[in-house]
Amino acid sequence: MGDLELQPLVLYVDDERANRIVFEQSLGSDFRIKSVSDGPAALAILDAEDVAALVTDMRMPGMSGEELLRIAKERKPATIRMVVTAYADVDPILRAINEGLVARYIIKPWIRAELVQVLRWAIEAWTFTRNSTALYARLMETERLATLGSIAGMLVHDLKQPLMSLLINVEHLRELAKAAPILQDSLSRTPLALEEKTRLSELVDDLDPVTTDLKASAMHLSSLIDGLRELSRPRDRSSKVEFADPLPIVRHAMAVCQEIALTAHASIDYQGPGVLPRVAISATELTQILINLVQNGAQAVAARGAPQGKVSIVARTESNMLELCVRDDGVGMPPDVLGRVGTPFFTTRAEGTGLGLAQCQRLIGSAGGRLRIESALGIGTTVTIVLPVAA
Ligand SMILES: Nc1ncnc2c1ncn2[C@@H]1O[C@H](COP(=O)(O)OP(=O)(O)O)[C@@H](O)[C@H]1O
Ligand SMILES: [Mg+2]
């Protein structure tokens, strides 16, 4: 990186001497670094020199990291502010990010390669935005969203564990609910005051509806979390292109959605050739997409409540593309809904997550395909996906 002397300055603030030594020793060969032990010393350097990046610890005696960041933002707005922090401090990080106090956070214990990347980014960001407040503001907003995304990813990961135990315990309660008739029977033969008996009997009666409700909510939470996890997972672009044989996947999606279709008095059918070309998308992804679309169709048919509804998957190949239409004669969508579908979390269904179509769009987009939705209120909806055929 040329002469270290001429490089932009990185200022590191940490009350622990050992941390400062490690920071300087492992990064000093790549960056021009000054380290200090407290807020006031950091402010003195900020006043005297052009600091590109301020990296601070959060918990320090005297002036806290947050206080330091606040003053630094006021006095030297162009300096890129970052914190090194323990993962347990999610709340203060979130606050700091949303207030625009920090652009990025670094989780302790840090890995050198990651920190090098973050510092390079900070110096670049500082170099490009130091003379333009507008550019700086735009960059910080992008950073804020990206950071929130990655924090959401961590939280989602942590939510999975308690959710699993919730689901298991719900199943347990469902077993208890099944024993309600036996419980009622033995209650009727138990010598108890009438008032107490009535109260207990009512509670036992509630077991079934309450646990059914509980299970539905737990499942809803679970699908929300799955959806969030999908959203926050970056797609690995370096992975090799995969191919899928569409017909078995179409059949599988139809089978999976059969139950909803039955309760909706709807039929699901396939119209198209008996052989389809392989398409450039992974089987898992195409399965996810088709299940989402057929499910939406079946739900729309159910919402309409007409005696005989239909969801059709229509396949057609054209030059080197495969077109799959999922068509239903369900409720259809008014224009304002049609304009908003595919926005993450947009749903009109009480038990919906609003992640189905967003997910489909994302997967199809990254496979190099297209998704189009046509819908008429009271008539039905057709979702068309076009995917490149394997070369
Ligand atoms: N086939 C369809 N017919 C009518 N409305 C639909 C259809 N597919 C999607 N929608 C509308 O789009 C919204 C978003 O769908 P989606 O992203 O799959 O999320 P969710 O199914 O969880 O609501 C639905 O709530 C519904 O209003
Ligand atoms: Mg859906």
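Before the first stop, one definition: a helix here is a DSSP run (H or I) of at least four residues, and helices are numbered from the N terminus. A residue counts as near a molecule if one of its heavy atoms lies within 4 Å of it. Keep in mind that this is a predicted model.

**Stop 1: the whole chain.** Colour residues 4-131 as domain 1, 154-232 as domain 2 and 246-388 as domain 3. The C-alpha centres of domain 1 and domain 3 are 49 Å apart.

**Stop 2: the ligand.** Now select ligand 1, which sits in the largest pocket. How many residues surround ligand 1? There are 19, and the closest are Thr-347, Thr-348, Arg-349, Thr-353 and Leu-357. Sorted by class, this shell holds 7 nonpolar, 10 polar and 2 charged residues.

**Stop 3: the helices.** Show helix H11 (283-304) and helix H13 (356-366), each of which supplies at least two residues of the shell around ligand 1. Which helix gives the most to that shell? H11 does, with 3 residues.

Stop 4: Display the side chain of Thr-347 and find its N or O atom 2.6 Å from an oxygen atom of ligand 1. Next, select Asn-296, where a side-chain N or O atom is 2.8 Å from an oxygen atom of ligand 1. At Gly-354, look to the backbone instead: one of its N or O atoms lies 2.9 Å from an oxygen atom of the ligand.

Note on methods:
Residues are numbered from 1 along each chain as its sequence is written. Chains are lettered from A and ligands numbered from 1 in the order in which they are written. This is a predicted model: local features need pLDDT of at least 70, side-chain atom pairs count only at pLDDT 80 or more; totals for chains, interfaces and linings use all residues. Side-chain values use heavy atoms; hydrogens and water are left out. A polar contact is a pair of N or O atoms within 3.5 Å; within protein, one must be able to donate a hydrogen and the other to accept it, and residues adjacent in sequence count only if both atoms are side-chain atoms. On a 1 Å grid over the protein atoms alone, a cavity is a set of points where a 1.4 Å probe fits but cannot get out, and a pocket is an open set with protein on both sides within 12 Å along at least five of seven lines; lining residues have an atom within 4 Å of a point. A molecule sits in a cavity or pocket if more than half of its atoms lie within 2 Å of its grid points. Ala, Val, Leu, Ile, Met, Phe, Trp, Tyr, Cys and Pro count as nonpolar, Asp, Glu, Lys and Arg as charged, and the others, Gly among them, as polar. Domain bounds come from an automatic or database domain assignment.
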